[in-house]
Amino acid sequence: MSDHPYVPEIAVDREGNEYEVQGWQGDFFGGKFGFWLFMLTEIMMFGAMFMVLTYYFTLHHDDFINASASLNRTLGGFNTVVLLISALTMGLGLLKMRHGDVKGSKLMIWATILLALVFLGVKAVEWTAEYNHGIFLGLPALQGGLPESKPFGEIMFFGMYFTMTGLHGVHIIIGIGLMLWLLKRINAEKVTPEHYILHFNLALYWDLVHLIWVFVFPYYYMIGAGLSTGGH
Amino acid sequence: MSKSYLDLGETHCAIGHPKTAFWQWMLTVDHKRIGIMYAAVMFVFFFVAVFTALMMRIELFAPGAQFLDGDTFNQAFTLHGVLMIFLFIIPGIPAIFGNIVMPLMIGAKDVSFPRLNWATFWLYIFGCLVALTSLFNFNITEGEVLFNFADTGWTFYAPYSLNTGTNVVTTLVAAFILGMASILTGLNFLVTIHRLRAPGMGFFQMPLFVWGIYATAWIQLLATPVVGITLILAIMEKYFGIGIFDPSKGGDPVLFQHLFWIYSHPAVYLMILPAFGIMSEIIPVFSRREIFGYRTIALSSASIAGIGYLVWGHHLFTSGMSDLAKTIFSFLTFFVAIPTGIKFYDWIATMYKGKIILDSPMLWALGTIVTFAIGGLTGVTIAMVGSDIHLQDTYYSVAHFHYAILGGVVFLLFAGMHYWFPLVTGKFYKESTAKVAFYLNFVGINLLWFPMFIAGYLGMPRRYFDYLPEFEIYHQVSGVGAIVIISGLVLMFYNFLSSWKSGEAAPVNPWGATTLEWYTPTSPPPLENHSKVPYVDFGPYEYHHAEPKVKFDLATMKRID
């Protein structure tokens, strides 16, 4: 592509009035709009999964409550807090970038990466514990028709649980990769306080990732909370 | 001689500045070149799929098994469906003409994210390769080579698709990757249409093809993720047995059908809306008149997209749904016919008292009015619950679908190819050959599919490789029709390819059209389209005494009328 600085073209109407032509180059609003559209697709994707989940919750209500009760709410809750704080650091990083504090901004991005890694670490601990209890994708407890099989609804619950938290985890990993790339772009001065669309969109992405978790957490961890504490 | 976008060096590249023509094509971000590459790849797959269809037709020419056994037949119709639907017709018109023409029509220099457009093309190619690997999965045991390809039909219905030994998961992954490419194309076009219209061009000054692409892009964006996640769930089910669609674990196989059709039904509107857009471009140009009811056509595109979301349940009338849900879905499906009917009346009203020129693009458009009307109206008959119970999974629905998609979408794609051929290549095709090819296709499609309506009504089920002797006559007429239509297709493509190589040079705007894509300084257009971006304070189809009302000096894009 062209290395020359972009100069917008001028269109002239019949009275001689001039109008600046919007090119695809340096279109901040267009970049933002495109990314919002992309986030709509993510919402449709996770939305469809939540729809499936709701459907099976009505079919296997009690099994879902029982399965949810066995999840670790302390670790899940801790992760929720970690992710919310990481959303804060991400937002602060963007604010600092827009106000010209590139160094502070980079610090905040590193903090976000750190918190994301903490989230993944806790997730790994959780999944390992569940694996050791015999509950994991493909293990006999989650296959139908065996003596050690769990009830239908619990199989369904855990299947969806691993699928959705796994997909969410993939989004976190992609987010970490994108943040490292962002740091590289900042160091190369491709992302600057004047031209920060990449940073802006990544902050949007991160908001979506934590927003999805805000729905995942109550849906999986909290619906069975009453059971494990013996009611309220 | 000024340069066109096809000349060596006349492109921007995604990476670096390659010197050879080959790498300039592989790395190009120019929307016109990307559209041509899409077309080249798609038509290769199209002819492969046509060939598998021909194999099935030959097998069906007489009752009993002749040269395809049942398993191969199942694989053949799956291959035909997957190639035609996922590789050809869903990306089809948006990827080809959405790319080539849409930016030109709104006076833009390229799409909003040219690099993303390039990456999307290669994502599409990657998806095609994954689809092909699922085809070439050989299982060699004890010296015997087992040919292993999905045999589920292109709908991958659970639980069979998940229990079968064949290689359905790779096909699902391919469909998911192709879906991603579709989403990104839609996203790119939406931003382009919102942001890059020439100054002065409001939404109601856009050509109607752009409206079609716009409505399509929303469907691509909002519906495709649902099928993506459905396919991921099916993959999880297959490998980890999470039980979502497996009744033996408490799952619900009908849920798969719901999720699948939530995408795949809007997908047929995704195919047809840009095709209707092409029709709306061709009819006024070859009637030398302003289009009748511009706003109603534009808004009916939007409402077809909207209503199309709410009708998926009509695929499940025999799958197990409450009677109330069936009634509602049936009723909503009738609604789609209203905006479609509005479009048809608008096109016919445009021709009224027009100066109709029967060149090949117009012939294709007029032929489509006949074939799509048959396809669309038979769709209304099977939208009724009662008749659908009888006709579901018979040749009747096969005939309906092919009349609507081949006789609607593909015919209009061909119409667009004839219409924009001089724009894209700067050459004329042979008009006489094009007309012969059209008549072969038109006769062929009716011979091929009309007997299926009757056979289906009499009870011939779809997807069977054998049949009772009383259906023989219908299959044989179909078989003849298949030969006729294929000779028409071959003739048409021969005409295109030989004319591109050595056709007569076409001037700028040979049809005397009014839309902006024709007002380029050279034929074919140069790299960054128009010489200058015009100010648009006129409608897209303004004619005065059968001549375009708005005239430009093409070197400066100043109005000279």
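## Burial and fold of chain A

In this predicted model, buried residues account for 34% of the 232 residues in chain A.

The secondary structure of chain A consists of two strands and seven helices, arranged along the sequence as β-β-α-α-α-α-α-α-α. Chain A is more spread out than a compact globule, because its radius of gyration is 23 Å, well over the 17 Å that the globule rule gives for 232 residues. Its C-alpha trace spans about 80 × 40 × 35 Å along the principal axes.

## The nonpolar core

Let's turn to the core. The largest nonpolar core holds 242 residues. Those with the most contacts inside this core are B:Ile106, B:Val210, B:Met271, B:Ala275 and B:Ile282.

Setting aside neighbours within four places in sequence, B:Ile106 is in contact with B:Ile193, B:Leu196, B:Arg197, B:Ala198, B:Met201, B:Met206 and B:Val210. Of these partners, B:Val210 is itself among the residues with the most contacts inside the core.

## B:Ile229 and its neighbours

Now for a residue in helix H9 of chain B, which covers residues 208-240: B:Ile229. B:Ile229 counts as buried because it has 25 C-beta neighbours inside 10 Å, where 20 or more are needed.

Beyond residues up to four places away in sequence, B:Ile229 touches A:Met45, A:Ala48 and A:Met49. Within chain B, the C-alpha atoms of B:Ile229 and B:Phe176 are 8.3 Å apart, although 53 residues separate the two along the chain.

Conventions
Residues are numbered from 1 along each chain as its sequence is written. Chains are lettered from A and ligands numbered from 1 in the order in which they are written. This is a predicted model: local features need pLDDT of at least 70, side-chain atom pairs count only at pLDDT 80 or more; totals for chains, interfaces and linings use all residues. Helices (H or I, at least four residues) and strands (E, at least two) are DSSP runs, numbered from the N terminus. The radius of gyration is taken over C-alpha atoms; the globule rule is 2.2 Å times the number of residues to the power 0.38. A residue is buried if 20 or more other C-beta atoms lie within 10 Å of its own, exposed if 12 or fewer, and partly exposed in between; C-beta atoms are placed from the backbone. A nonpolar core is a set of buried Ala, Val, Leu, Ile, Met, Phe, Trp, Tyr and Cys residues joined through C-beta atoms within 7 Å. Two residues are in contact if their C-beta atoms, placed from the backbone, lie within 7 Å.
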